[in-house]
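Visitor: Please take me closely through one part of this model, the part where its pairing begins, and go on from there to whatever it leads to. I would like the criteria stated along the way.

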Amino acid sequence: LSEQLEGACLCGSVTYSSSGPALATINCHCRDCQKQTGSAFSTMVAVPADRFEVTGETLSSFTTIGTDTGEEAVRHFCRGCGSPLFTRAAVAPGLVFIKAGTLTDPSGLQPVADAWCDSAQTWVSLPEERLRMPRGPSAKQLAALGPA
Ligand SMILES: [Zn+2]
Ligand SMILES: [Zn+2]
């Protein structure tokens, strides 16, 4: 995976770029991600917030409160086409979590962990060798990814 990442929503109105580095790719199986993506889980690439830029007038956001953390998660999406684009979490202000499917080229990604396995759907198989977190990553685990 190259340092430079670029992506866009389905209609193309919102575009973003990260001058990297991509710190980790994680699958999140929490109910909020299932709802927001309309799918079984969300694949996210963590990048440093200070290296991330986004443009587009249709960028909107929706804020939820984390079940465990009690902290805000702000989910950014395109109000034109509905694509979820990235999330900012109060527990990790130095990171942006890009929704992997919106990348121009998501083909080289290798998820390192499955988070919120407690609410993972039974019809999704998880590889034995990948790290499984019963719930969300701890602040310590997130801090280990990079800038806090
Ligand atoms: Zn769009
Ligand atoms: Zn989630």
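Guide: Two strands are said to pair if DSSP finds at least two bridges between them, strands being DSSP runs (E) of at least two residues, numbered from the N terminus. Strand 2 and strand 5 meet this in the antiparallel sense, over four bridges, and one residue pair shows where they meet: Tyr16 has Val54, in strand 5, as its bridge partner. The model is predicted, so local features need pLDDT of at least 70 and side-chain atom pairs 80 or more, whereas totals for chains, interfaces and linings use all residues. Residues are numbered from 1 along each chain as written, chains are lettered from A and ligands numbered from 1 in written order, and side-chain values use heavy atoms, without hydrogens or water.

The pair belongs to an open, antiparallel sheet of three strands in the order 1-2-5, in which strand 1 and strand 5 (52-55) are the edge strands, each pairing on one side only.

Because Cys11 lies in the loop between strand 1 (5-8) and strand 2 (15-18), and Cys78 in strand 7 (residues 72-78), the pair ties together parts 67 residues apart in sequence. Cys78 is buried at 0% relative accessible area, whereas Cys11, at 42%, is partly exposed (buried means under 20%, exposed over 50%, partly exposed in between, with a 1.4 Å probe and protein chains only).
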